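Morning, everyone. Let me put the structure up, and then we'll walk through it.

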There are 4 protein chains.
Amino acid sequence: MSEKKNLNIGLVGYGFMGRTHSNAYCKVNNFFDLEYRPQLKAICGRGEENAKAFAAQWGYESVETDWKALVERDDIDAIDICTPNNTHAEIAIAAAKAGKMILCEKPLSMNLAEGEEMVKAVEEAGVANTIWYNYRRVPAVSLAKKLIDEKRLGKIFHYRANFLQDWTISSNLPQGGAALWRLDVNAAGSGVTGDLLAHCIDTAIWLNGSITDVSAMTETFIKERMHNLTGKVEKVGIDDACTFMCHFSNGSLGLFESTRYARGHKALYTFEINGEHASIKWDLHDLHRLEYFDHRDDSLVRGWRSVHVTDGDMPYMDKWWVPGLQIGYEHTFVHQVADFLDGLAKGTPTSPTFREALETQRVCDAVLNSAQSKQWVNV
Amino acid sequence: MSEKKNLNIGLVGYGFMGRTHSNAYCKVNNFFDLEYRPQLKAICGRGEENAKAFAAQWGYESVETDWKALVERDDIDAIDICTPNNTHAEIAIAAAKAGKMILCEKPLSMNLAEGEEMVKAVEEAGVANTIWYNYRRVPAVSLAKKLIDEKRLGKIFHYRANFLQDWTISSNLPQGGAALWRLDVNAAGSGVTGDLLAHCIDTAIWLNGSITDVSAMTETFIKERMHNLTGKVEKVGIDDACTFMCHFSNGSLGLFESTRYARGHKALYTFEINGEHASIKWDLHDLHRLEYFDHRDDSLVRGWRSVHVTDGDMPYMDKWWVPGLQIGYEHTFVHQVADFLDGLAKGTPTSPTFREALETQRVCDAVLNSAQSKQWVNV
Amino acid sequence: MSEKKNLNIGLVGYGFMGRTHSNAYCKVNNFFDLEYRPQLKAICGRGEENAKAFAAQWGYESVETDWKALVERDDIDAIDICTPNNTHAEIAIAAAKAGKMILCEKPLSMNLAEGEEMVKAVEEAGVANTIWYNYRRVPAVSLAKKLIDEKRLGKIFHYRANFLQDWTISSNLPQGGAALWRLDVNAAGSGVTGDLLAHCIDTAIWLNGSITDVSAMTETFIKERMHNLTGKVEKVGIDDACTFMCHFSNGSLGLFESTRYARGHKALYTFEINGEHASIKWDLHDLHRLEYFDHRDDSLVRGWRSVHVTDGDMPYMDKWWVPGLQIGYEHTFVHQVADFLDGLAKGTPTSPTFREALETQRVCDAVLNSAQSKQWVNV
Amino acid sequence: MSEKKNLNIGLVGYGFMGRTHSNAYCKVNNFFDLEYRPQLKAICGRGEENAKAFAAQWGYESVETDWKALVERDDIDAIDICTPNNTHAEIAIAAAKAGKMILCEKPLSMNLAEGEEMVKAVEEAGVANTIWYNYRRVPAVSLAKKLIDEKRLGKIFHYRANFLQDWTISSNLPQGGAALWRLDVNAAGSGVTGDLLAHCIDTAIWLNGSITDVSAMTETFIKERMHNLTGKVEKVGIDDACTFMCHFSNGSLGLFESTRYARGHKALYTFEINGEHASIKWDLHDLHRLEYFDHRDDSLVRGWRSVHVTDGDMPYMDKWWVPGLQIGYEHTFVHQVADFLDGLAKGTPTSPTFREALETQRVCDAVLNSAQSKQWVNV
């Protein structure tokens with residue numbers, strides 16, 4: 001193994017995403033045969049105590065409390081950004097200028113303008129870059145991509161996606177700070193649009209091509225919440241729910257909905273694609289399955305097929321266990337790291353790059369504009 | 001049984017709906033204990049041969065080929081309208097003037113203006129009237145109504161409904177005439193909006209109250225089809241797909257979609273309601289089940305409950321078999337006849353009346369207007 | 001329709017099965033094009049009041065209180081036996097002697113010896129005869145038969161069936177009389193073996209051929225119950241649960257289980273067949289679906305297919321509605337009447353005949369013997 | 001973290017289970033807060049090349065090719081046995097004599113006699129020991145245990161379990177050697193009984209108490225296969241399928257089936273428990289769900305609940321991600337290591353110990369004896 005090349009990681013942020021990424025770096029070489037091996041060089045967080053504890057738990061060699069210092073370190077090859085959305089641009093642009101590769105959590109940015117600057121920065125610097133839209137790399141979702149690329153569905157008529165949660169229904173839940181920054185418009189930029197629909201849009205563009213125009217509706221059900229950073233009850237600036245209709249450039253119709261007020265759904269990301277010959281459905285709550293319907297089947301035995309995506313011929317699954325034994329959520333991050341490391345070895349970019357993720361940002365901006373103007377908006 | 005009162009039925013139209021209604025009239029007294037008993041007095045259809053065959057198969061006593069003659073017959077108490085949408089108004093208005101009760105297939109009318117005349121006619125005549133929005137009387141849907149009326153769901157945040165089919169995908173399918181009048185805009189008035197979304201809207205208003213404004217998108221995927229009545233390839237005037245977002249007056253958000261281009265779905269009418277405390281889902285493809293989630297459940301055993309709506313304490317189910325044994329689609333019509341006959345005995349109207357169905361027509365019109373204007377439209 | 005031949009029915013018993021059969025006689029000609037038309041000539045029940053009410057509800061022309069009188073009536077063509085199991089043999093043998101056709105509820109008899117006499121009687125009399133093992137005629141089950149006959153499954157390895165209920169768990173439930181005769185060993189002959197497993201065995205033999213030997217286990221969980229006929233607490237003589245393993249003559253292994261103590265299951269009759277190439281699953285709680293798996297499918301889209309058995313090319317379904325709209329439990333009886341009437345016209349027997357049903361009785365007897373002897377028993 | 005105590009692991013065998021265990025050792029301290037930290041000290045395999053590659057991939061510090069040498073090493077605290085069943089006893093007994101802790105793959109042994117010696121060895125040596133019946137530690141299965149221990153189900157009537165696979169249907173598949181030792185009776189001891197039913201039995205005893213007597217049936221569908229070790233076609237000595245009925249000491253009835261000839265099932269381990277008040281179902285193909293039915297629910301909303309076992313209050317789930325995001329198969333091994341390390345710190349044994357696993361062995365032996373003798377056999 002001495003021949004493997006190290007890739008020194010500097011991680012910014014030690015929250016939920018800090019954990020999923022760290023796990024991916026730790027595991028990837030146990031399962032994938034790669035030229036590169038991530039080294040957990042440094043973790044950076046403003047809370048030194050927490051950062052040290054995180055370093056101890058995951059084996060990071062050092063701790064920084066200022067990301068600017070991290071970005072300047074010579075022994076760091078790649079900056080991984082796991083901090084709230086309002087910090088992505090500043091960190092990413094500085095990292096690009098320092099010549100670091102960048103793996104940045106989604107969404108790319110607070111808005112389109114910021115995203116464009118980020119793309120410019122990484123492209124001018126010529127550094128490898130990727131955005132963690134991890135759901136592309138659920139094996140069942142990768143399989144959907146493969147089936148579509150093989151033209152099995154025929155002409156596409158409909159694409160619909162939902163991302164339904166129910167964790168913010170209580171009006172007693174405060175906004176802002178630590179685990180609740182997603183409810184604070186200043187940290188998150190938007191509510192479900194940037195947090196959840198961004199995932200749906202990224203997958204949709206990947207599977208079904210570009211979106212041309214949108215008509216959207218948003219709602220904020222709870223208008224005021226205690227703010228953890230100010231200690232006062234303040235107006236809620238995020239969208240609690242967002243729905244939009246759209247057209248794709250391939251002529252199909254799109255329908256998207258996301259909310260955090262759908263009682264009974266924890267993280268129910270689903271999509272369905274209806275083609276002339278075949279249709280596909282997927283559901284994050286049972287992420288190891290893909291539903292497939294093919295009208296060309298013999299009519300006596302034609303029905304939705306529940307494909308248990310665990311065999312060795314399924315995307316990524318030759319690296320794991322045996323047929324019938326499912327992997328979980330965290331593996332999507334391992335797959336993205338594996339692809340990133342493989343891309344490094346081959347000199348190819350890892351999708352979605354910043355530029356690709358900018359398309360999702362463009363749609364998100366159009367959606368929010370449409371909801372405000374109550375008009376159809378071109379993307 | 002000699003004490004039962006006869007209700008003499010004159011049925012106009014012997015297609016798919018003519019069969020479902022006839023079956024309901026035949027069966028209702030076997031299962032429900034009612035004061036009235038429908039008598040299959042006359043069937044009316046322009047094709048005399050077909051009408052006679054239908055009469056023989058179902059036991060109608062006589063045949064008419066002109067609905068105007070039927071409406072004038074003294075021995076007819078109620079006119080049942082099962083003809084294409086473009087005939088509803090004329091027949092219903094004439095029947096009302098002749099003092100007949102009217103049971104009319106959905107949708108009420110070709111458009112709002114026509115519907116208003118129909119409502120006026122039946123109300124001025126003071127005749128019993130109802131529209132066959134039969135899905136209200138699926139026991140699982142009636143159960144949903146009961147749970148909502150008992151306030152089990154708490155404040156409602158979301159209502160979404162789909163009606164997905166796939167039977168018109170082939171461009172070789174012609175439009176117009178007999179079984180294909182639903183593809184002919186002159187006979188149907190609209191496509192999926194009046195045919196399928198009308199069902200979804202009727203249920204939605206019943207369960208969740210009135211809709212205040214809508215933003216819609218329609219599409220006609222196949223622009224031209226051979227027309228059976230003209231023998232020529234003609235422009236398709238109906239909507240193949242229709243999607244709309246809306247607000248309900250109770251503050252919840254609505255999302256509706258219908259299409260005949262969703263490969264893999266035959267008649268997939270589904271709805272889901274998300275409340276503060278509980279949520280409900282239903283699906284026509286398994287119409288005997290209701291899915292229910294209650295957040296107040298003990299968290300260790302909290303999950304979506306699949307209620308097999310076959311026990312005797314479920315709506316209408318004390319009239320049928322034993323727990324575990326499902327009824328089907330046709331029973332919804334039996335239930336509506338039973339309720340209509342019961343209403344006659346008690347002197348109460350049977351929902352949805354023409355006036356109630358007019359609300360659905362109002363939303364349909366707003367939806368089609370919005371799709372054309374690309375604007376939000378008030379209902 | 002005047003050219004249809006009447007088939008005059010004399011029904012014995014007005015319980016649950018009396019209703020399902022009467023409904024079938026009433027509806028069959030509305031949906032099936034047949035030479036014969038059943039006439040509801042007479043209903044026979046010991047309780048005159050109840051019999052009259054039943055006659056009024058279903059339209060029977062006359063009432064008898066003694067089945068012997070019914071059997072002797074010249075205006076009766078066919079006797080339909082819906083009384084408890086302990087009366088089947090006597091009525092059937094007398095009816096055969098009187099030259100009547102016989103439609104008898106399942107199971108054929110109290111035991112094998114009695115069944116053999118019944119077979120002898122109908123065969124000597126040369127009268128048409130059938131046993132109401134209605135589940136064969138669920139369209140999804142008939143489809144399973146068709147798929148098997150087309151050799152789609154290849155060599156069969158396993159057949160398993162369950163019939164699970166939960167309605168007798170309470171020890172407060174009495175036994176005997178009216179609706180509870182199934183708990184009284186003197187009226188029923190056995191518990192779940194004759195009531196529920198008989199269905200499973202009939203289907204199994206039909207689909208998978210004969211059973212050669214069995215090893216069984218029975219249990220009576222509640223040992224004593226109040227007896228409605230004696231007014232005293234008496235020993236329970238029936239089996240509450242019965243499980244057996246077996247071999248089929250085609251080399252496959254069988255596994256059967258039935259109980260009335262499976263909390264959560266109302267009438268969950270399921271079977272699964274595993275073949276070399278393909279497998280099939282079915283479930284009475286969603287009787288309109290058949291699950292099918294074919295290993296020869298392209299591995300990327302290989303999975304269990306949920307076939308919604310409602311299209312016109314499915315068994316019996318061309319007679320009902322349109323794709324996507326399900327029929328229910330009661331339709332299985334309509335199908336059996338339709339097949340019986342069709343068989344009359346063609347001069348062919350209607351499966352299962354008494355002789356065919358005797359095979360099921362033979363297995364039931366072997367099962368009960370094995371449970372008692374704790375040995376494998378040859379059928 | 002310097003204060004953590006090391007636990008030096010010596011792993012014997014680098015196959016499928018070698019990977020699952022290594023992954024567990026690597027990850028456990030990232031997710032669980034424990035006193036001990038496993039150190040991957042040595043991997044032992046007869047193939048030096050393969051062993052070195054495995055060591056490189058997983059980070060083992062050294063390689064041994066003779067397990068006897070490994071067992072004698074002073075720097076090893078615990079021996080983990082991942083080799084075929086016919087080696088368990090010899091290695092475990094030697095390890096115990098050398099004073100090593102032992103983590104041994106299931107089943108415990110080739111047969112009961114061997115198992116008894118193993119139990120004696122570890123108990124005399126007083127070394128910590130556990131058998132990797134990993135499915136106990138699927139969170140949904142642990143939840144089932146919790147619900148049962150809380151007496152939610154009431155008196156138990158039925159326990160049924162299946163373990164269905166389809167990977168050996170082809171007669172071209174050889175037996176013996178490397179990945180196919182499970183088909184070689186000399187290496188495996190038995191077929192599905194020891195490989196698959198052993199899992200079902202372990203869970204059953206854990207959840208439902210001891211089994212008193214059994215009646216079993218086995219079958220070997222393919223009688224001869226090419227043997228990889230001899231190069232000749234040889235008789236197949238294992239059971240391809242095994243079914244048994246049994247009684248539990250709590251009065252409930254058991255039914256178990258396993259086969260590798262159930263087309264369409266990859267690793268479908270399911271169990272269902274029916275109690276007086278409530279029932280539970282679980283299925284390995286969707287291991288993150290538990291189905292629960294409670295008869296005490298309000299009858300209008302009573303149904304099987306699908307519990308998505310991903311919330312923080314579910315067993316083990318506070319260590320992983322957020323509600324709605326599932327873990328997979330491999331995590332069960334992480335949980336067992338976590339519990340083992342926690343047990344070390346607290347001085348408590350980790351279930352199932354060798355002694356506990358001996359009970360499963362006892363049932364397996366009775367099952368095989370019953371199948372051969374065609375008699376009921378006491379356990």
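I'll take chains B and D first, then a pair of helices inside chain B.

Keep in mind that this is a predicted model. Start with how the two copies relate. Two copies of a chain are related by a rotation about an axis and a shift along it.

Now the contact between them. Chain B gives 16 residues, and chain D gives 16 residues. On the chain B side, helix H6 (139-149), strand E15 (289-294) and strand E16 (304-308) each supply at least two. E16(B) has the largest share, five residues. By type, the chain B side divides into seven nonpolar, four polar and five charged residues.

E16(B) also pairs with strand E16 of chain D, residues 304-308. The sense is antiparallel, over three bridges.

Next, the helices. H1(B) covers residues 16-31, and H9(B) covers residues 331-346. They pack at about 65°, axes 8 Å apart. The crossing is right-handed. From H1(B), the contact includes B:Tyr25, B:Val28 and B:Phe31. From H9(B), B:Phe333 and B:Leu341 are among them. The residues of this contact divide into nine nonpolar, three polar and one charged.

That's my tour. Questions, please.

Notes. Residues numbered from 1 in each chain as written. Chains lettered and ligands numbered in written order. Predicted model: local features only at pLDDT ≥ 70, side-chain atom pairs only at ≥ 80, totals over all residues. Axes fitted to C-alpha atoms, helices over the stretch in contact; angles between N-to-C directions. Helix = DSSP H or I, 4+ residues; strand = E, 2+ residues; numbered from the N terminus. Left-handed = near helix turned anticlockwise from the far one by under 90°. Contact = placed C-beta atoms within 7 Å. Nonpolar A, V, L, I, M, F, W, Y, C, P; charged D, E, K, R; others polar. Pairing = 2+ DSSP bridges.
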